[in-house]
Amino acid sequence: MNEALQEIHDFLPCRTPQQWIDNALANQDLMLIDHAHCEKKAASTALSLMYRYVDNTDLLNKMSRLAREELRHFEQVLAIMKKRGVTYDHLTPARYAAGLRQEVRAEDPGRLVDVLVVGAIIEARSCERFATLAPHLDDKLADFYNSLLKSEARHYQDYLKLAEQANGGPVDDRVKAFLDIEHGLITEPDIEFRFHSGPVQ
Ligand SMILES: [Fe+2]
Ligand SMILES: [Fe+2]
C-alpha cells in the first residue's frame with residue numbers, strides 16, 4: 001500500500017494544506033455528508049461512461065466494477081452517518097469537479113481522454129485525503145478511511161490506463177494541464193468546506 005500511496009503523492013501537484021485538515025476536523029458531519037455525495041457521484045460518472053462508450057470492453061468492465069465499489073463505499077458512509085446521527089441532505093457541489101471539467105475537450109476522442117484523466121486525478125486526491133485525515137480521526141472512521149485507500153488507488157490506476165488506451169499513447173500533456181488547475185483548486189482559499197475543497201479561512 002505504501003508504494004501505491006507514494007505513487008499518488010508523486011503524481012499529485014501538492015499535498016492537502018493543513019488549513020483544510022483543520023476545516024475537516026471541525027466539520028466532520030459535513031465531511032461525511034459530502035463524502036457520501038462523492039461516492040454516489042463517482043458511481044454515476046462511471047455509469048455515464050458505460051452508456052456512452054459501449055464498444056470499449058475494457059472500459060465497460062473496469063467502470064462496472066468501479067461503480068459497484070463506489071456504491072458499496074456509499075452504503076458504508078451512510079451506515080457510519082446513521083450510527084452518528086448525521087442526516088443525509090443535499091449539498092451544493094464543490095468547485096473542484098466543475099473547475100477540472102472546464103478543461104475537458106468537447107469532441108471525442110479528446111473528450112474521453114480528458115474525462116478519464118479527470119477521473120484519475122479525483123481518485124488520486126481522494127486517496128491522498130483519506131490517508132492524510134486518517135491519523136487525526138477516531139479509530140472507527142480512521143479504519144474506514146484506511147480501508148478505502150486501496151480501492152481508490154486502484155481506481156486512479158485504472159482511469160490512467162484507460163486514458164492512455166483511449167489516447168493511443170501517453171497522456172502526460174493532458175495530465176499536466178489538469179494538474180495545474182487542480183493545484184489551484186486545492187491550495188487557493190475556498191468559500192465552502194467540501195471533501196475536495198480548498199482551505200476555508
Ligand atoms: Fe470510493
Ligand atoms: Fe474511487
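These legends describe close-up views of a predicted model.

**View 1. Four residues hold the iron ion (ligand 1).** The iron ion (ligand 1) is coordinated by Glu 39, Glu 70, His 73 and Glu 152. The glutamates each use OE, while His 73 uses ND1. These contacts run from 2.0 to 2.2 Å. Along the chain, the donors follow the spacing E-x30-E-x2-H-x78-E.

**View 2. The donor geometry at the iron ion (ligand 1) is irregular.** Why is the arrangement called irregular? The 4 donor atoms subtend angles of 88 to 137 degrees, which makes it so. A tetrahedral label would need all angles to lie between 85 and 135 degrees. For four tetrahedral donors, the ideal angle is 109.5 degrees.

**View 3. Glu 70 links two iron ions.** Glu 70 bridges the iron ion (ligand 1) and the iron ion (ligand 2). The two ions lie 3.6 Å apart.

**View 4. The largest nonpolar core holds 64 residues.** Phe 11, Met 31, Leu 49, Leu 133 and Tyr 145 touch the most other members. Helices giving two or more residues to this core include α1 (2–11), α3 (28–52), α4 and α7 (139–167). Helix α6 gives the largest share, 13 residues.

**View 5. Met 31 meets residues from elsewhere in the sequence.** Set aside its neighbours within four places in sequence. Met 31 is then in contact with Ala 24, Leu 133, Leu 137, Leu 141, Tyr 145, Phe 193 and Phe 195.

Terms used: Residues are numbered from 1 along each chain as its sequence is written. Chains are lettered from A and ligands numbered from 1 in the order in which they are written. This is a predicted model: local features need pLDDT of at least 70, side-chain atom pairs count only at pLDDT 80 or more; totals for chains, interfaces and linings use all residues. Side-chain values use heavy atoms; hydrogens and water are left out. Donors are N, O and S atoms within 2.8 Å of the metal (3.2 Å for Na, K and Ca); water is not among the atoms, so sites may look incomplete. Four donors count as tetrahedral if all angles lie between 85 and 135 degrees; four count as square planar and six as octahedral if opposite donors are over 155 degrees apart and all others between 65 and 115; anything else is irregular. A nonpolar core is a set of buried Ala, Val, Leu, Ile, Met, Phe, Trp, Tyr and Cys residues joined through side-chain atoms within 4.5 Å. Buried means under 20% relative accessible area, exposed over 50%, partly exposed in between (1.4 Å probe, protein chains only). Helices (H or I, at least four residues) and strands (E, at least two) are DSSP runs, numbered from the N terminus. Contact means heavy atoms within 4.5 Å.
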